[in-house]
Amino acid sequence: MKRISYAEDHLVTGDDIADAVMAYAQALAMRGRSDSIDVPAVDAGGSARLFSILVGPASQMLTSDVLTVDESRGDEITDARLVADLAARTAALSGPSPVAVPQGTDAVDLETEQFGVPDLGGDAPDEGGDDADGDDADGDDEGDSPSR
């Protein structure tokens, strides 16, 4: 069991739930977003309750596994659906992480056959749509601009 301290109060919940709440809160904070989640826990008086917690960039919470004797009594609080849901929400917020490239590293050309992009070389049409003989691409030697 872990204690989640939040907004000058605390609640006690299962280890997996507390870890999932913290991971989700961190992912939300990294994206500048917030959300409300319902967490089954025991309050400071020892009563089992469902807490609604607002988590986001301004959340100041911490978890601790150091519990008082009263808090450590009772069975571990579990909620596999909640933990799975929070893990899915956390994963949905996670995107590719930036990676520092050491100085002096050669740039990788992503427009190569290695990455499925054929080398067009000098045969690529120019932006005007003219082909190699100067005619327009459809071969009718007439400009494709609207007639007046």
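Predicted model: local features only at pLDDT ≥ 70, side-chain atom pairs only at ≥ 80, totals over all residues.
Begin with the protein chain in cartoon view, where three helices and five strands can be found, and follow them from the N terminus in the order β-β-α-β-β-β-α-α. If you switch to a surface, the protein chain exposes about 10,800 Å², of which carbon and sulfur atoms supply 49%, while 24% of its 148 residues count as buried. Among contacts between residues at least 6 apart in sequence, 55% join residues at least 24 apart.

Next, select residues 35–42, which are strand β3, together with residues 48–55, which are strand β4; the two pair in the antiparallel sense over eight bridges. Within this pairing, pick D38 and look across to S52 in β4, its bridge partner. Then move to the turn of the hairpin that β3 and β4 form, where five residues lie between the strands and G46 has a positive phi of about 90°.

Now select T13, which belongs to strand β2, residues 9–13. Is T13 buried or exposed? Its relative accessible area is 0%, so T13 is buried, the cut-off for that class being under 20%. Show the side chain of T13 and the backbone oxygen of P40, which the side chain reaches at 2.7 Å. To see what else surrounds T13, display the residues that T13 touches, leaving aside those up to four places away in sequence: M1, K2, I4, A18, V39, P40, A41 and I77.

Definitions and conventions: Residues numbered from 1 in each chain as written. Heavy atoms only, no water. Helix = DSSP H or I, 4+ residues; strand = E, 2+ residues; numbered from the N terminus. Buried < 20%, exposed > 50% of the residue type's maximum accessible area, 1.4 Å probe, protein only. Contact = heavy atoms within 4.5 Å. Areas by Shrake-Rupley, 256 points an atom, 1.4 Å probe, with all protein chains shown as cover. Pairing = 2+ DSSP bridges. Polar contact = N/O pair within 3.5 Å; in protein donor to acceptor, adjacent residues only side chain to side chain.
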